[in-house]
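Please look over the sequence and the structure below. The text that follows goes through a pocket and then a sheet with its helices.

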Amino acid sequence: MINVLLADDDILTLNRLMGLTDWNAHGYEIIGQAHGGNECLKLLLEYQPEILILDIDMPDKNGVEITREIYEKQFSVKIVILSNYDTFDFVRDAMRYGAYDYLLKHQLTEAVLLAKLQELSEIIEKEGIRNLHLSFFTTVAKRRYLKGLIQSGITNSEEHAHMLTQKDFACGSYCISLMQITNFILITHFSPDKNRKKLIDSIITLGDNIFSSMDNGLITYMEFGQFVILFHYDNQISSQKIMDQTLKAMNLFAANVNKLFELTCMYQISDIFTEIERLPIIYQKTKQLLEQKPFPLKKEAKETNECLNLEEERNLMDALAAFNVSETEKILEGIFQNHSSNFSQRVVDQLLQIGIRFQQNHKVELSEDGIKEIQKGNMARMKTQDIYQFLMDYFKKIIECVPEYKASQYSLHIRKAVNYIRENYSQDLSLSLMAEYLHISPTHLSRLFRKETGFSFIDYLVNYRIECARQLIINTDLDLKTIAEQVGFHGYNYFLRTYKEKTGHTPSCEKKQ
């Protein structure tokens, strides 16, 4: 319903307007009737209607005076003037102050009234959308500015001066809260339904809704699942009340994050400060306090680096490159000991990035079953020791999935056969040719191959060719016939049938995904 206020000192005119149409049936509601100018201004302030139908000629304040006062006070209302006089000069001044149009009382019919109301309704709707967009872009700009201020301080004095006119940055008292999503990196890396960017946007939207309802709190995202919320208070509010209100807001926010996204989080509230320019210092101090909370192993924590050093990264990558499971576990154990008192999201991210690069270099993909095999319990609630064991299992799993590692477990003949397949899979290969290459009988090779790999020679060769084809489909723009030929399939239809048989879907479906 669009709210409408009627203002006319003539009771007969008001009664006629009320009965001219079925207001509610057309989406309008008469929220009040003013019998004079002063009463009109009072009801405007009290009810804040979207439309005002205003008589131009009233004894205490006429329509021109009322429209001027509405203009000066910036009331958001659309005004239609009612006049007994068929001359534009009389209502020109009122329209100069923002009245939308005027109607002559003696020509007023239901059709004329509804047509004008419809025009105003469309304008109100468009302006509402525009204001919503402006509000959104203003919030985005403030959010971006808050992050920049935290990271770099004041870099543009004009922009800073403009932001000081905004409520969130205006003079007063401030405090910030840093909120960390527990195990954010692990969750978003290993849970397909937790897309990182979508999750961040959803949490920010949730924060916007909660903090706007409280009329306090500007949220921005930093990194590694960490959010910053800036709270602004009047100087008259006591420090205790500031902390109580901030704590209440953060408890509500954290509870809703847990309820809606099934994520746990921890937060740290800063000291109260009155100079927004001190925000970078306040942030760093609060961040240090927050980073003592995630993944605590010991209370008597020693001061450590919050990220891997170059030697740790290099040693881990060397152990992975050698497919050495025991050495990889030994290096990870050392990393966890060195960072146990400050095992941050950054360390987890660095370790995962090393694992991801290894997977990409060796074309290793963990299936959902493979992830479930190493994933124990709720990742969002993992403690330090749980994360330690998870990453141990993860690195062991990706090493064991590399064909070269598997080949190292085979006998000399099968190891040579597997390596030969990997290097010559696009050529014409057969069991007899391979047996001749290895200087053993085809029957002996067939028996050994199945015993050690679990596949027949032909099945192993075809599976490897299909996996190579799959990588080319995903990572190149080659057409399917070219791909089939490059991986050793000389019959295109045979390639299509075999691909579907081995993967459960056609090569075309793979390309669309």
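This is a predicted model, and the second largest pocket in it has a volume of about 530 Å³. Its lining is made up of 22 residues, and T139, V140, R143, D208 and L218 are the ones nearest the centre of the pocket. Several elements contribute to this lining: α5 (110-152), α8 (196-213) and β7 (218-221) each give at least two residues to it.

Strands of a sheet pair through backbone hydrogen bonds, and the pairing may be parallel or antiparallel. Here five strands make up an open sheet with parallel pairing, and their order is β2-β1-β3-β4-β5. The edges are taken by β2 (28-34) and β5 (101-104); each of these has a single partner strand, so one side of each has no neighbour in the sheet. From one strand to the next, the twist averages 25 degrees.

The pairing of β1 (residues 2-7) with β2 is parallel and consists of six bridges. Within this pair, L5 has G32 in β2 as its bridge partner. Helix α2 (residues 37-47) packs on the sheet, where it touches β1, β2 and β3 (51-55). The direction of helix α2 makes about 140 degrees with that of β2.

Another helix, α3 (residues 63-73), lies across β3 and β4 (78-83). Relative to β3, helix α3 runs at about 150 degrees.

Notes
Residues are numbered from 1 along each chain as its sequence is written. This is a predicted model: local features need pLDDT of at least 70, side-chain atom pairs count only at pLDDT 80 or more; totals for chains, interfaces and linings use all residues. Side-chain values use heavy atoms; hydrogens and water are left out. Two strands pair if DSSP finds at least two bridges between them. Helices (H or I, at least four residues) and strands (E, at least two) are DSSP runs, numbered from the N terminus. Axes are lines fitted to C-alpha atoms, for helices over the stretch in contact, and angles run from 0 to 180 degrees between N-to-C directions. Contact means heavy atoms within 4.5 Å. On a 1 Å grid over the protein atoms alone, a cavity is a set of points where a 1.4 Å probe fits but cannot get out, and a pocket is an open set with protein on both sides within 12 Å along at least five of seven lines; lining residues have an atom within 4 Å of a point. Grid points are joined across faces, edges and corners, and a volume is the space filled by probe spheres set on the points.
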